[in-house]
Amino acid sequence: MNLPRTLIATAAAALALPGAAQAAPPWSAPVSVSSEATAAPHVLFAGGTGTVAFNGPGASFARPVLRAPLDGSAQAVDWPGASGFDTTYGAFAGGKRALYVGSNGQERVLVGQAAGSPDSQWRTSLRGPKTGGARAAAAPGAAVFSTFGAGSIGRVYLVRQTGQALGPTQTLSGRGHIRSVAVATNAGGDVLVAWDRSGTIEARYWYARSQRLSAVKALGKTDAALKLAVALGDDRRAIVAWIDQRINEGEAAKGSAWATARTATRGFRAPKQLDTYGDDVIAGGVGVRAAFAGGRGIVAFSGSDAIKASLVNGRSIAAPQAIAPVAPDQSFADIGLGDLATSTGGQAVVAVAAKDRIWAVPFDGTAFGAPEDVSGAEQEPHQPSVAYDGETAILAWQSTPTRVEVSQRPVP
């Protein structure tokens with residue numbers, strides 16, 4: 001007899017723990033919300049409403065953005081006004097209002113926002129100078145992008161949400177080769193932006209109370225920051241982490257993972273090296289994420305032989321630990337770290353894409369638990385996105401070829 005996966009997970013948890021009260025509730029059985037996805041899904045909470053958004057079929061930059069409720073109660077429908085959005089290379093954020101930033105394929109950068117209600121309309125504007133593309137990042141209340149001019153030289157720009165409107169476009173960086181950008185915000189409206197400019201990791205704050213930008217701070221040197229992540233606490237403590245690895249024509253050079261942190265009163269320390277990669281070890285599925293869960297910081301990344309994470313206390317970054325046995329695979333580009341989310345109660349979930357399933361690695365505020373099978377065996381599931389609704393974790397991913405699935409798990 002074949003038992004449902006959720007019953008098997010529940011039984012296994014009950015056997016492994018002394019009492020049922022100690023067992024974490026299982027992830028719900030995956031629910032398909034669309035069979036027309038062509039790009040990465042994003043779990044968003046905007047204005048109190050949860051949704052998963054992703055591109056549907058169509059020509060490049062003409063594909064619609066589809067949205068579906070996170071409980072799987074309805075199939076995805078078009079999100080009005082989301083014209084020219086690319087959910088793989090553009091960036092989304094939730095908050096009081098949904099936010100999007102990315103290239104629209106027409107030589108400008110598209111920034112848009114929408115209310116959280118199901119019938120909300122996106123309102124967009126073109127920002128920055130003409131550019132052949134854009135690096136983009138978003139956090140609640142803030143969109144960041146870079147541009148590319150002659151010789152691939154560009155700058156980094158910030159657009160903040162001000163009430164129900166988008167604020168002016170602010171220039172953050174000097175001119176240079178901008179290889180990656182990242183942004184984080186806190187409850188007080190502060191913004192932290194980091195970027196790689198011509199081999200230097202730089203960072204800059206927007207201080208909400210004084211309504212001003214800080215000076216640019218150089219954090220460290222890099223060959224090419226392939227991926228970059230930042231986290232910002234309500235007291236302005238911060239983490240900046242990156243993967244230093246150059247990729248040319250599908251081949252990856254030797255690389256390394258780095259992170260640095262600061263407290264509310266003391267600045268960033270010298271960067272700490274967390275891992276190293278050999279030639280072509282991590283070509284494609286590389287990822288790095290940073291966040292604060294309660295009183296601790298977390299840096300999660302695709303390591304050289306597993307998914308790894310380091311805990312951050314103050315400015316001290318602990319040695320990385322392996323949290324999921326998923327190693328880089330050059331033949332499967334989407335394998336590796338997918339996403340990281342934290343709850344209001346200090347819990348966290350790391351979402352990981354393996355060759356044949358989606359894993360979730362829980363963090364209880366003190367330590368990481370064993371990887372949990374969310375999807376069951378599937379054909380090349382990839383691009384997982386995770387977020388919290390209070391203390392309930394919501395995880396969405398794309399299965400081959402075009403299905404988007406959603407699962408959730410309450411925190412005990």
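In this predicted model, a salt bridge joins the side chains of arginine 246 and aspartate 223, with an N to O distance of 2.7 Å. Arginine 246 is placed in the loop between β20 (238-244) and β21 (247-248), and aspartate 223 in the loop between β18 (217-221) and β19 (225-232), so the pair ties together parts that are 23 residues apart in sequence. Over the whole structure, a search finds 15 salt bridges.

The chain is divided into two domains, domain 1 (38-221) and domain 2 (226-253 + 279-411). Taken over C-alpha atoms, the centres of domain 1 and domain 2 are separated by 20 Å. The size of an interface is often expressed as the accessible area that is lost when the parts come together. Between domain 1 and domain 2, about 2300 Å² is buried, and carbon and sulfur atoms account for 68% of this area. Of the area that domain 1 buries against domain 2, 23% is supplied by Pro41, Val43 and Phe45, more than by any other three residues. In terms of contacts, 31 residues of domain 1 meet 24 residues of domain 2.

Polar and charged interactions also cross this interface. One salt bridge is counted between domain 1 and domain 2. The side chains of aspartate 190 and arginine 236 form a salt bridge, with 3.1 Å from N to O. Five residue pairs are found in polar contact across the interface of domain 1 and domain 2, with both residues of each pair at pLDDT 80 or more. On the side of domain 1 that touches domain 2, at least two residues are supplied by each of the strands β2 (42-46), β3 (49-55), β14 (178-185), β15 (191-197) and β16 (200-207). The largest share of that side comes from β14, which provides seven residues. Sorted by class, the side of domain 1 that touches domain 2 comprises 21 nonpolar, six polar and four charged residues.

Strands of a sheet pair through backbone hydrogen bonds, in either a parallel or an antiparallel manner. The antiparallel pairing of β3 with β4 (residues 65-69) extends over five bridges. Asparagine 55 has valine 65, in β4, as its bridge partner.

Individual backbone features were then examined. Most residues other than glycine have a negative phi, and most peptide bonds are trans. Serine 198 has a positive phi of about 55° although it is not a glycine; this serine 198 is located in the loop between β15 and β16. The peptide bond from threonine 400 to proline 401 is cis, its omega being near 5°. Proline 401 is found in the loop between β35 (392-399) and β36 (403-410).

A further loop, between β27 (307-313) and β28 (316-317), holds arginine 315. When neighbours within four places in sequence are left aside, the contacts of arginine 315 are with Ala261, Arg262, Thr263, Arg266, Gly267, Phe268 and Arg269. With glycine 267, the side chain of arginine 315 reaches the backbone oxygen at 2.9 Å. Alanine 270 stands 45 residues from arginine 315 along the chain, and the C-alpha atoms of these two residues are separated by 9.8 Å.

Key:
Residues numbered from 1 in each chain as written. Predicted model: local features only at pLDDT ≥ 70, side-chain atom pairs only at ≥ 80, totals over all residues. Heavy atoms only, no water. Domains from an automatic or database assignment. Contact = heavy atoms within 4.5 Å. Buried area = accessible area lost by both parts, 1.4 Å probe. Salt bridge = Lys/Arg side-chain N within 4 Å of Asp/Glu carboxyl O. Polar contact = N/O pair within 3.5 Å; in protein donor to acceptor, adjacent residues only side chain to side chain. Helix = DSSP H or I, 4+ residues; strand = E, 2+ residues; numbered from the N terminus. Nonpolar A, V, L, I, M, F, W, Y, C, P; charged D, E, K, R; others polar. Pairing = 2+ DSSP bridges.
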